[in-house]
Amino acid sequence: NLLDFKFNPERQQYQYIKYRNPLQVQCMLLDAGFNLLDSFTTVNGVSHDIHDFQITPSGAIYLAGAKDTIINLSAYQFDGIQGSATTRAQGFVVQEFDANHQLLFQWNSNDHIHPGETYVGYGYNPAAFDYCHGNSIGEDTDGNLLISFRNLDAVYKIDRKTGVPIWQLGGKNSSFTFHNDAGFSGQHDARRLSNGNIALFDNANLSPTPRHSRAVEYRLDTVNWT
């Protein structure tokens, strides 16, 4: 299967994710004539996640991955189901590489975001709890990361040095209030625009009926947090 095929205009290169099975996934890089330049995959026992593969203008290579952690969620209920003390939480992992395939940075949502932040509408499975479901990685203008988490209905800004969330847009504990909008849910493809705003695709999975998917752009005020 060929997934996430896209053109990188700054580098004049094509890229896509080549998927055979969960254990055979590669991120492929092609020149403008579709000749193979390189391929990348996750390391350190991190499984590959097929949602995103990004190369920044500076050459940073970001791969999406997944790594499970056993977490005690017996104090929580999800869709009326009592959480298990041995829940296998699926952490969303970001790995950054340089052009020589050297790992520069690794981040795992299980270290920084509690599964209780998920929304019950996305389901609970103690054997494989995909509580956050990361689906896009972006490098912000200050070098920190913007990550979209579908099952949290939130976009997080992550400190690239410490891994600690700086703020979150949307979700149960949003850093921002929305003055003229009801917010978004199940979103994809959160990106910082050249005008400083955040754009994303609002799938509206948990929005009130009638549900309408839409493209939306937000201007963030980090003084008044609106």
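Where does Ala128 lie? In the loop between strand 10 and strand 11. Strands here are DSSP runs of E, at least two residues long, numbered from the N terminus.

Before I go on, a word on the model. It is predicted, so local features need pLDDT of at least 70, side-chain atom pairs count only at pLDDT 80 or more, and totals for chains, interfaces and linings use all residues. Residues are numbered from 1 along each chain as its sequence is written, and side-chain values use heavy atoms, with hydrogens and water left out.

Back to Ala128. Its relative accessibility is 30%, so Ala128 counts as partly exposed. The cut-offs are these: buried is under 20% relative accessible area, exposed is over 50%, and partly exposed is in between, with a 1.4 Å probe and protein chains only. Ala128 touches Arg88 and Gln90, leaving aside residues up to four places away in sequence. Contact here means heavy atoms within 4.5 Å. Now take Ile166. From Ala128 to Ile166 there are 38 residues in sequence and 28 Å in space, C-alpha to C-alpha.

Four strands make an open sheet, in the order 5-6-9-10, and the pairing is antiparallel. The edges are strand 5, residues 47-55, and strand 10, residues 103-108; each pairs on one side only. On average, neighbouring strands of this sheet are turned by 25° against each other, direction ignored. That angle is between axes, which are lines fitted to C-alpha atoms; angles run from 0 to 180 degrees between N-to-C directions. Two strands count as paired if DSSP finds at least two bridges between them. As background, strands of a sheet pair through backbone hydrogen bonds, either parallel or antiparallel.

Take one side of the sheet. Strand 5 pairs with strand 6, residues 61-71, over five bridges in the antiparallel sense. Ile55 stands opposite Ile61 of strand 6. These two strands form a hairpin with five residues between them, and Gly59 there has a positive phi near 100°.

Now the other side. Strand 9, residues 87-97, and strand 10 pair in the antiparallel sense, over five bridges. Gln95 stands opposite Gln106 in strand 10. This is a hairpin too, with five residues between the strands, and His101 in the turn has a positive phi of about 70°.

A salt bridge is a side-chain nitrogen of Lys or Arg within 4 Å of a carboxyl oxygen of Asp or Glu. Asp49 does have a polar contact, side chain to side chain, with His51 at 2.8 Å. That term means a pair of N or O atoms within 3.5 Å; within protein, one must be able to donate a hydrogen and the other to accept it, and residues adjacent in sequence count only if both atoms are side-chain atoms. Beyond four places in sequence, Asp49 touches Ala64, Gly65, Phe92 and Gly134.

How many salt bridges are there by this rule? The count comes to 10.

Asp140 and Arg192 make one, with the closest N and O atoms 2.8 Å apart. This pair links distant parts of the chain, 52 residues apart: Asp140 is in the loop between strand 11 (134-139) and strand 12 (145-149), and Arg192 is in strand 15 (residues 188-192). Asp140 counts as buried because its relative accessibility is 3%. Arg192 is at 25%, so it counts as partly exposed.

Asp181 and Arg214 make another, 3.0 Å from N to O. Again distant parts of the chain are linked, 33 residues apart: Asp181 is in the loop between strand 14 (165-170) and strand 15, Arg214 in strand 17 (residues 214-218). Asp181 is partly exposed at 23%, and Arg214 is partly exposed at 28%.

Then Asp189 and Arg191, with the closest N and O atoms 2.8 Å apart. Asp189 is partly exposed at 41%. Arg191 is partly exposed at 21%. Both belong to a network of salt bridges that links Asp4, Lys6, Asp52, Asp189 and Arg191.

That is the tour.
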